[in-house]
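Biologist: Could you walk me through a few local features of this one, starting with a helix and then moving on to the rings?

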Amino acid sequence: MDCMIGKKRVVIVLLVVLMAEVSLGQTGADSTEVFPEKVKYRGAVEELAALPGKLVYMPFFVALYTTRQVAEAIWEKRALDRVKGWLTTADGRAGVRPLSNTSIGSGVRFFHKQFVFGADANLTSTLGKGSGRQQHLFSLGWKKGEVRGGDFFAVAHFRREPKESFHGIGNNSGIADKTSFAQEDLYVKFSYGRRLGSQLNIDTELDYHAIDIGVGKSREAPPTQSVYAPGQLPGLGETVRFIKAATVVRSQIVDVPGSPTRGNRSYARLRYDRALGEAFSHFNILVTSEQFTELFYRRTLALRLGSEWSFAPGNDVVPFYGLASLGGEEILRGYQRGRFRDRGSVFAALTYKFPLWKVVDGTLFYEGGRTLRAPGDFTLSRWHGTFGGSLRAWRAQGLVFEQVIARSSAATRLLFNFKTVF
Amino acid sequence: MKSVCLLSLLLLLGCGAPLLPPARHVHRDDRPIPAKPRGRHPSLANAIIDKTTAYQLEQILDIPRQARKLVGRPYEALNVDNFDQVPNSTWFVNRNGLRPLSLEEIRRGPNRSAGPDTTGKWRVVALKSAGVTPGMTIVDGRGARYIVKFDPPDFAELPSGTEAVLSKLFYAVGYNVPENYLVDLDPNWLEPDPDAVMRVATNDKRKPISQRPLSAADLETMLAKANPQGAGRVRVLASRFLPGIPIGPWSYTGVRRDDPNDVYSHQHRREVRGLYIISSWLNHADMKEENTLDMYDPERRLVTHYLIDFGSAAGSNAIQPSSPRRGQANSFDLKDSFTRLVTAGLYVHDYERAEPLVRYPSVGYLENDLFKPHKWKPMYPVPAFENLTLRDAFWGAQIVTSFTDAQIETAVATGEYSAAAAAEYFARFLCQRRDMIGRYWFARVNTLDQFEIAGGQLRGVDVAVKRGYAAGPATRYRIEVRSPTTAVLAADERQEPHLDLDVAWKEQEHIAVSFLPRRPGYKVKPVVVYLRTADDEWVIVGLRRLD
């Protein structure tokens with residue numbers, strides 16, 4: 001009897017299995033009640049063989065998943081627009097924007113259009129890495145030719161740099177001569193600019209500028225004051241107030257301002273600094289010109305030449321911080337800011353720019369320069385050099401982000417510049 | 001030991017038993033499903049990054065896939081029948097590839113009416129102001145709903161003509177596409193529907209896009225933008241709403257889990273893989289998922305899969321002519337960018353050198369100088385295209401080359417170009433590219449197909465020879481007949497792919513007849529055709545391509 005029941009059970013189980021096979025479409029028959037299972041494109045053995053690869057892929061998947069979500073938020077959910085919206089008043093007149101770069105640190109810019117008497121107001125505050133590095137700038141601007149056909153700006157600026165470096169004066173100053181000082185600048189500037197033609201601008205500036213030189217906070221170098229006596233280094237240890245007057249001429253004749261392939265950008269500034277109650281009056285002239293030449297298919301060679309001179313009339317002297325200098329974020333980027341100082345400097349930069357994507361370029365550059373005591377000292381020898389490259393993202397109107405690596409005999413420096421994209 | 005390993009690998013990869021007839025079953029996908037699938041709203045940014053980086057990495061690390069590529073046995077399409085063909089489904093209907101459509105059928109394409117009713121008013125129910133090209137949704141006098149698209153003022157006829165032509169060709173190929181009509185719109189037909197809404201970009205970025213009631217002034221503003229000359233009539237493309245409920249785009253990978261009919265991963269569907277060949281022909285590079293759409297039919301309770309929006313294909317890039325880059329590189333092409341980075345820009349891609357020559361603004365940039373059939377690239381990586389095998393390519397190339405010059409000219413004529421020379425140029429572009437596709441792919445696969453039994457013979461057609469992509473007199477066919485036990489029953493070399501069937505072979509359970517075409521510079525693998533007898537008559541039961 002038990003045997004009979006057992007056989008029946010086996011038959012029933014077999015029937016159930018057979019029916020299940022049929023209903024699941026394993027035999028190939030379709031049914032309107034039950035749908036076939038998803039058809040696998042490979043068998044269990046291959047799935048097993050794929051497992052190690054999947055395990056290796058997992059961390060990449062997680063990282064890329066995050067990237068994808070961020071991109072989706074920015075692109076589809078318009079996160080940047082929304083952030084911009086949240087950082088701006090509903091009427092779009094006032095708001096706050098982040099900004100960051102190597103030279104000024106990170107901070108925010110507050111703006112208020114039509115703030116007072118039709119002027120747009122901007123307040124930029126940045127704090128740098130390290131002790132007490134900060135910069136605050138407030139400006140009122142009447143733009144778009146509102147003032148007698150020109151633009152008028154009133155600017156108040158405070159800057160504190162506690163770790164400025166001074167390596168001595170002259171082209172041969174050594175790295176071992178490095179000393180440290182702190183510099184505080186406070187100035188109020190008024191500028192009026194007019195557009196002469198479509199690509200030429202001329203600005204006239206008038207400043208009141210107070211400069212205070214203090215003891216540097218660097219642990220790597222002794223204070224400049226402990227190495228140099230005030231008599232040896234004009235401008236050291238004193239607060240000096242200047243009245244400055246300058247004329248600036250700028251021209252930009254390029255095809256795409258964000259990533260030029262043809263054209264020229266030039267800048268010339270003549271400034272007179274008159275110290276109040278001190279014999280530090282001097283002239284400063286800065287001239288740069290950059291020519292862009294398309295080699296082939298948006299591969300572009302840019303040659304930049306420039307020179308800066310500071311000279312004092314009569315018996316006056318030029319304070320050390322008013323001297324022409326090389327190093328920093330503009331030229332000879334492989335050296336610290338103010339690495340070489342003297343009355344004059346000459347510099348040249350050759351940049352090769354090539355497209356990586358629609359709005360991303362790569363660059364390779366070589367920069368050379370030297371300081372001079374007098375124009376007659378000019379030679380092509382003993383130039384200091386920096387080479388490097390960068391990745392830069394741009395929009396038609398200008399640069400958005402740039403990451404630079406620059407190498408000199410002194411150091412390899414990583415510099416970045418992020419301008420608000422909105 | 002080495003040979004044992006190789007044999008194991010081959011068995012693992014399913015390369016055994018070539019003399020057994022194929023026993024494939026393709027599931028129907030038109031059975032009523034229990035519930036409407038949920039809508040999909042994929043993110044383009046997410047998809048681009050995923051398909052450009054994550055998916056590529058995943059594929060590289062997929063050991064079995066790489067092993068298969070190494071031994072030349074990639075994963076083949078899953079939804080093919082015993083004759084390596086795609087059965088009709090909610091994805092694809094065999095049309096010109098199976099039977100040449102008449103010129104009238106080509107001209108009509110997917111259109112089932114004369115277009116929107118032009119005798120009455122068009123109620124504007126929605127207006128799109130965001131974006132560069134204005135558009136609107138209207139309901140005509142008969143209650144039919146259309147999306148109305150305008151041409152950019154600087155490139156009259158460009159996107160509308162392209163979309164009209166391509167919808168006819170995609171339909172003739174076999175894909176589901178919307179009905180598109182060219183209409184000379186009289187602005188006086190338009191009137192805002194009382195419940196009409198308008199999507200607008202707002203100044204308040206916290207809500208970048210908002211919706212508000214549509215006013216007559218909005219309509220006028222939009223018309224002024226679309227018709228700056230104030231012409232009495234404006235040419236528009238009216239795209240009829242697809243039947244059913246839209247449930248979002250289909251994906252190029254995986255399946256729609258809540259559609260039980262969707263059982264084949266899309267990257268392994270022949271018609272989705274083979275779409276590469278069709279798209280390369282029509283330069284339909286804008287292959288983002290948003291340009292596909294699934295529609296749920298609540299009455300039949302099933303999902304139909306469509307291709308939509310062809311305004312950025314062939315020589316058009318929606319509001320302007322296409323460029324040499326389109327079809328040559330992905331929009332964000334990691335490989336090209338990396339090549340430029342490591343060569344410091346010294347490597348210049350061909351598309352960078354090419355002159356963006358536009359002979360006729362109404363048809364845009366149409367040049368074949370850079371076109372290489374196997375190197376064509378959509379704007380975004382498409383996983384299904386990356387799984388393309390020679391068999392998929394043959395399937396696609398066979399369809400592309402099935403179009404005659406007359407059919408192509410007829411399709412192009414539906415673009416209603418005012419310049420006859422522009423239409424002629426467009427048609428010539430398509431014919432030329434069709435031939436490039438034929439010449440390239442037919443040189444790499446066994447081009448025998450369309451086997452039939454007639455007059456006691458098994459006859460195949462050499463598609464390459466028949467369509468003029470290979471020289472017939474220079475071709476010989478090596479034919480071998482084998483029994484299920486692999487014994488050679490007969491072997492011969494013929495001028496034609498025809499075999500006299502010996503009655504003595506009827507004793508076999510089945511026979512496998514392999515055909516190998518031989519011509520100078522042409523090396524392919526055989527096609528094996530399987531025959532059985534039923535009621536003492538020979539029946540072809542399947543076909544196996546060994547390429």
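**A helix, some rings and a glutamine**

Modeller: This is a predicted model, and a place to begin is helix α2 of chain B, residues 44-60, whose 17 residues reach 23 Å from the first C-alpha to the last, close to the 24 Å expected at 1.5 Å a residue.

Biologist: Where does α2(B) bend, and by about how much?

Modeller: The bend in α2(B) is at Asp50(B) and comes to about 45°.

Biologist: Which residues of α2(B) are buried, and what covers them?

Modeller: The buried residues include Leu44(B), Ala45(B), Ile48(B), Asp50(B), Lys51(B), Tyr55(B) and Gln59(B). Their cover includes α3 (51-75) of chain A, together with α3 (63-71), α9 (334-342) and α11 (383-386) of chain B.

Biologist: Switching to rings, how many aromatic pairs are there over all chains?

Modeller: The count over all chains is 33 aromatic pairs. In one of them, the rings of Trp142(A) and Phe152(A) have centres 5.8 Å apart and planes at 45°; because an angle between 30 and 60 degrees is neither stacked nor edge-to-face, the pair is classed as tilted. Trp142(A) belongs to strand β4 (residues 134-147) of chain A and Phe152(A) to strand β5 (residues 150-166) of chain A, ten residues apart.

Biologist: Are those two buried or exposed?

Modeller: Trp142(A) has a relative accessible area of 16%, so it counts as buried, whereas Phe152(A), at 25%, is partly exposed.

Biologist: Which rings form a cluster in chain B?

Modeller: Ring pairs link Trp91(B), Trp250(B), Tyr252(B), Tyr276(B), Trp376(B) and Phe385(B) into a cluster.

Biologist: And which charged ends sit over a ring?

Modeller: Among them, the charged end of Arg339(A) sits over the ring of Phe340(A), 4.3 Å from its centre, and the charged end of Arg95(B) sits over the ring of Tyr171(B), 3.7 Å from its centre.

Biologist: Last topic, Gln183(A): where does it lie, and why is it called buried?

Modeller: Gln183(A) is part of strand β6 (residues 179-196) of chain A, and it is called buried because its relative accessible area is 8%, under the 20% limit.

Biologist: What does the side chain of Gln183(A) join up with, and which residues does Gln183(A) touch?

Modeller: A polar contact of 3.1 Å joins the side chain of Gln183(A) to that of Asp185(A). Leaving aside residues up to four places away in sequence, Gln183(A) touches residues including Arg159(A), Arg160(A), Glu161(A), Glu164(A) and Tyr321(A).

Terms used:
Residues are numbered from 1 along each chain as its sequence is written. Chains are lettered from A and ligands numbered from 1 in the order in which they are written. This is a predicted model: local features need pLDDT of at least 70, side-chain atom pairs count only at pLDDT 80 or more; totals for chains, interfaces and linings use all residues. Side-chain values use heavy atoms; hydrogens and water are left out. Helices (H or I, at least four residues) and strands (E, at least two) are DSSP runs, numbered from the N terminus. The expected span of a helix is 1.5 Å times one less than its number of residues. The bend at a residue is the angle between axes fitted to the seven residues ending there and the seven starting there. Buried means under 20% relative accessible area, exposed over 50%, partly exposed in between (1.4 Å probe, protein chains only). Contact means heavy atoms within 4.5 Å. Rings of Phe, Tyr and Trp (its six-membered ring) pair if their centres lie within 6.5 Å; planes under 30 degrees apart count as stacked, over 60 as edge-to-face and the rest as tilted. A charge sits over a ring if NZ of Lys or CZ of Arg is within 6 Å of the ring centre and within 35 degrees of the ring normal. A polar contact is a pair of N or O atoms within 3.5 Å; within protein, one must be able to donate a hydrogen and the other to accept it, and residues adjacent in sequence count only if both atoms are side-chain atoms.
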